[in-house]
Structure formats: structure tokens, C-alpha cells
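Trainee: I have a structure open and would like to talk it through. Where do we begin?

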Amino acid sequence: MTSTALSLLLCALFLCGLEETVRAHRGYCAGNECFALFQDPEDYAGAQKSCKDSGGQLSPYMHEYFRKTIKSPVSGSFWFKGKADECNQSCCSVSVSAEQDLSTKEKPCSNTLDGFVCQYTLEEPCGSLQAGEGAQVRYSQPLDFDLDDSETFPRGTIAVAEKLGGKYPDSKHVCFSSRWIRAPWNCEVLKGGCEQECTSTSSKTHTCTCPAGKTLHANKFTCTDGPCALNPCKDEGEKCEVSEGGFNCTCKDGFVREDGVCVNVTICLKCEHMMCDKVNGVYECGCRKGFRVSAHDPTKCEVICTGRDCPCIRSEDKCFCPEGYVKDTPDTTNSQPFCTDIDECESDRCDQKCENSYGSYRCSCDENFKLDHDEHTCVRIEDNEEGSGFTPSYPAPPSPHPAVVPSYIKTGSVLGITVFMALCAGLLFFLIRNAIKRCGKFELSSIKHADIFYLQQVTTETYKRLSFDKPFKNDSQILKSQL
């Protein structure tokens with residue numbers, strides 16, 4: 001690190017330390033002197049200590065720049081150090097009214113006033129920053145002085161030039177050795193003034209960098225939203241890279257572009273047998289003949305055992321056995337572990353019969369039983385089932401032609417219709433027979449006993465004769481009844 005950079009770093013660290021000590025509310029600097037008003041209630045001894053801790057001293061007298069430090073809307077009483085012939089038996093203070101009238105008063109040193117004024121001596125201060133046309137300068141430094149109206153500024157002050165209403169500032173500077181250094185400066189000092197990160201390529205070259213999706217502004221320290229800010233490259237394995245005049249969608253590390261898409265090939269770099277195949281758009285490790293991919297590590301290959309014993313598969317100082325095998329160690333000294341077949345039939349995994357094989361086993365059932373869906377349990381075959389095995393039934397697809405009616409359905413239908421017709425005929429016979437019997441005994445009693453009148457043609461004479469005869473008969477009957 002150069003002596004200039006080291007001095008700048010020490011200056012920044014010193015000012016940062018002062019920031020933690022005390023906070024100034026107002027300040028004014030001119031030449032190599034700087035005054036600061038601290039509105040922290042203290043007695044006289046406490047005010048002296050606070051100024052000393054911040055690298056200054058209690059302001060010794062009513063300096064010409066004093067009034068520029070204490071300005072509206074400040075009001076109250078503040079400690080300062082008077083001249084030798086002032087405040088002999090007490091301590092000096094200045095009272096500020098709302099109308100900004102200043103008056104010096106003596107007050108007991110043990111009193112707590114509204115604050116105090118400190119004085120600092122500046123080394124190699126900077127003058128006002130000369131900004132471009134239409135730009136204004138904003139100053140800030142670790143002590144948090146309000147120095148915008150000052151004539152000079154202490155080392156470590158940051159000045160930002162920006163146009164009113166502008167989105168990004170024009171430039172950024174730091175005060176060092178009586179001059180303003182433009183960002184990016186040494187990366188070891190406040191990240192070179194960069195908004196994001198600072199990169200050093202040599203002792204004299206420092207560059208601000210921006211995260212993915214952003215680009216460096218023309219001011220060389222601010223990051224702006226670039227063409228990748230909206231993340232236009234959204235497909236899996238893609239990333240956006242800013243290019244001249246736009247952006248490009250490229251594949252991330254470990255991905256390669258195939259058929260217009262980025263495919264993950266990271267696993268292919270780790271395959272033990274250097275064999276890699278794409279399955280359903282995803283690359284998977286493969287193994288040579290006689291081997292298969294390990295269930296414990298998709299990048300390792302294990303031997304396909306064809307006998308009772310086979311060697312262990314080594315992976316990261318561990319020994320793995322294929323499925324259906326277990327690790328075993330011979331009794332001999334310094335012998336290597338190996339894999340031996342597990343006899344699953346010894347653990348009663350099958351319900352009835354079990355047949356062991358290298359690396360596997362198979363269950364079967366006794367006569368009149370079949371394997372259930374779990375391939376371990378045996379269930380009895382029902383009487384209406386045929387065969388000793390289990391054959392699942394599935395609904396048959398519909399036929400395009402009507403189904404032929406079975407013969408037994410035809411026979412039953414004809415027999416039923418015949419019986420029905422016979423019953424109907426018998427019922428009809430009995431109804432007719434009964435009706436005939438009733439008709440044979442039927443008598444018209446009202447007609448049998450009724451008088452029957454016959455109409456005949458009569459003459460006037462006949463009518464008269466009948467008329468005379470009738471009352472005569474009636475009279476004879478009456479006389480007989482009276483006798």
C-alpha cells in the first residue's frame with residue numbers, strides 16, 4: 001500500500017472513531033479552524049471532556065465565526081471558554097435568544113446547560129468543490145457536521161455533486177491532502193466510494209463493480225438497472241449477461257445448451273466410469289457391463305453380483321454392498337471386507353414358501369392359494385376361481401356389435417312366456433264359464449208380474465160402451481162389499 005493510501009485510510013479510521021464519541025448538530029469551518037455546536041446537556045467539566053474526546057477543545061472565546069455556528073433556529077445557553085480576564089470565579093456561557101441575540105454570562109460551573117461549542121484545528125483542509133454547471137454539492141463527514149455553508153472542509157469529507165432532480169449523481173469525491181479525489185479511489189478506504197463493490201487490479205487501478213443484472217453508470221461508482229435487471233433469461237440453467245447494446249442469455253456453469261435449452265451436465269463430470277446418458281432430458285451416470293449405478297451414490301458404480309460373495313464398492317473411504325447383500329469381514333487378520341448374499345428366507349419374509357437367490361428372493365404359495373398384492377402373503381383361492389395363480393380381472397372394452405343372448409337366457413324366457421300365457425288362458429276360461437252360468441239363471445221378475453197392455457183401435461161406440469161398463473162394475477163390487 002502506498003503512503004498516500006495509508007494516510008487516507010488512517011484519516012478515515014480516525015474520523016470514524018470520532019463519530020462514535022460525540023455528535024455535532026451544527027458546524028462551520030473556515031481556513032484551518034472549525035467550530036461545532038453540540039446540543040448535549042452538560043456541566044462545564046463534562047463539556048470540556050466531550051470536546052477533548054472528539055479531538056478538539058472547548059471554544060476559547062467569542063470567535064468571529066462563532067455566530068455562524070450558532071444560528072436559527074438554535075436558542076438556549078451554551079458553554080465556551082472565555083478570555084483570561086473573563087469569568088474568574090465562575091464559568092463562561094453564551095445565551096442565544098429566539099431573535100438570535102447573543103449575550104455572554106457567568107454561570108456556576110456545576111450548572112447543566114443546553115450544550116457547548118468546540119473548536120478544532122484542521123490539517124490540510126479542502127476548499128469548496130467546484131461542480132459542473134447546474135449541479136449542487138452535498139457534503140458529509142463522520143462527525144455529522146452541517147457544513148454545507150462552510151468555506152473549508154476537513155479531511156475525509158465526502159462531497160457528492162448532483163443535479164437537482166437527477167436520478168444518479170454526477171460525481172463523488174473525498175477530501176485528502178487539501179484536494180478532492182474522485183471515486184473510485186483506493187478500494188481499502190470506504191470501498192473506494194463504490195455503491196456496490198470495488199476491485200483492485202493493481203496498486204493504482206481501482207474499479208467499481210455491479211451485481212448481475214446491473215451495469216456501471218457513467219459516473220464510475222453508481223450501479224444502474226441494466227437490460228438484465230428484469231431477469232429476461234428465465235429458463236432453467238440460464239443466466240443473463242450484459243453485452244454491447246443489449247444482453248445475451250447464456251448457460252450457467254455446469255450447464256450446456258442442447259436443442260436451444262440449457263441442460264445440467266454437472267453430474268457427468270463426476271461419473272465413475274465416465275459414462276453419461278441423457279434420460280428424459282436429464283443427464284445420468286452410466287456404468288460398464290457387469291456394473292450398475294449405486295443406490296447410495298448416483299455417480300458411483302457397483303458390481304452386479306452373480307454369486308454368493310462379491311467385492312465391496314468403495315466410495316469416500318466407505319464400503320457399500322449391492323442391494324440384497326451385506327458387508328462381512330473374514331476372520332483372518334488384515335483381510336478386506338466383502339459382500340455376501342442375504343438369505344431373506346431365514347427371516348420369514350414369505351407367508352408359505354420362499355426361494356432364495358443371489359441378491360434377491362421369491363415367494364410362492366401352496367396348492368389352492370395364491371400370492372396377494374404385496375407378493376408376500378398367500379390367500380385362499382375361492383371356489384369360483386380357476387387355476388392356482390392370481391389373475392386380476394379388468395373390464396372388457398365395449399363391443400361395436402350387440403352382444404348375443406346366451407341360450408340359457410332364451411330357454412328361460414320362452415318357458416316364462418308359455419307359463420304366463422297358460423295362466424291367462426285358464427283365467428279367461430273361468431271368467432267365461434261363470435258368466436254363462438249366471439246368464440242361465442237370470443229372470444226378469446219385474447216383467448213377469450207386470451200387466452201387459454196391448455194397444456188396439458177402437459171406435460166411438462166402443463169407447464162409450466167401455467165407459468159405461470166400468471162404473472157399473474165398480475158399483476156392483478161396492479154393493480157386494482157392503483152386503
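Trainee: This is a predicted model. Which residues form one aromatic cluster?
Mentor: Keep in mind that the model is predicted. A search of the whole structure finds 5 aromatic pairs. One aromatic cluster is made of Tyr139, Phe153 and Trp180.

Trainee: Which kind of aromatic pair do Tyr139 and Trp180 form?
Mentor: A ring pair is described by the distance of the centres and the angle of the planes. For Tyr139 and Trp180, the centres are 6.0 Å apart and the planes make 40 degrees. Planes under 30 degrees apart count as stacked and over 60 as edge-to-face, so the rest are tilted. The pair of Tyr139 and Trp180 is tilted.

Trainee: How many residues apart are Tyr139 and Trp180?
Mentor: Tyr139 sits in strand β9 (residues 135-140) and Trp180 in strand β13 (residues 179-182). The pair links distant parts of the chain. The separation is 41 residues.

Trainee: Is Tyr139 buried or exposed?
Mentor: Buried means under 20% relative accessible area. Tyr139 has 11% relative accessibility, so Tyr139 counts as buried. Trp180, at 17%, is also buried. For Tyr139, the word is buried.

Trainee: Which residues have the most contacts inside the largest nonpolar core?
Mentor: That core has 23 residues. Elements giving two or more residues to this core are β2 (33-38), α2 (44-53) and β7 (115-121). The residues with the most contacts inside the core are Trp79, Phe116 and Trp180.

Trainee: What accessible area do Leu427, Leu428, Leu431 and Ile432 have together?
Mentor: These residues form a nonpolar patch on the surface. Leu428 lies in helix α4 (residues 407-440). Together the patch has about 410 Å².

Definitions and conventions:
Residues are numbered from 1 along each chain as its sequence is written. This is a predicted model: local features need pLDDT of at least 70, side-chain atom pairs count only at pLDDT 80 or more; totals for chains, interfaces and linings use all residues. Side-chain values use heavy atoms; hydrogens and water are left out. Patches are made of residues with over 30% relative accessible area and no salt bridge: like charges are joined within 9 Å, nonpolar side chains (Val, Leu, Ile, Met, Phe, Trp, Tyr) within 5 Å. Accessible areas come from the Shrake-Rupley method with a 1.4 Å probe; for residues, only the protein chains shown count as cover. A salt bridge is a side-chain nitrogen of Lys or Arg within 4 Å of a carboxyl oxygen of Asp or Glu. Helices (H or I, at least four residues) and strands (E, at least two) are DSSP runs, numbered from the N terminus. A nonpolar core is a set of buried Ala, Val, Leu, Ile, Met, Phe, Trp, Tyr and Cys residues joined through side-chain atoms within 4.5 Å. Buried means under 20% relative accessible area, exposed over 50%, partly exposed in between (1.4 Å probe, protein chains only). Rings of Phe, Tyr and Trp (its six-membered ring) pair if their centres lie within 6.5 Å; planes under 30 degrees apart count as stacked, over 60 as edge-to-face and the rest as tilted.
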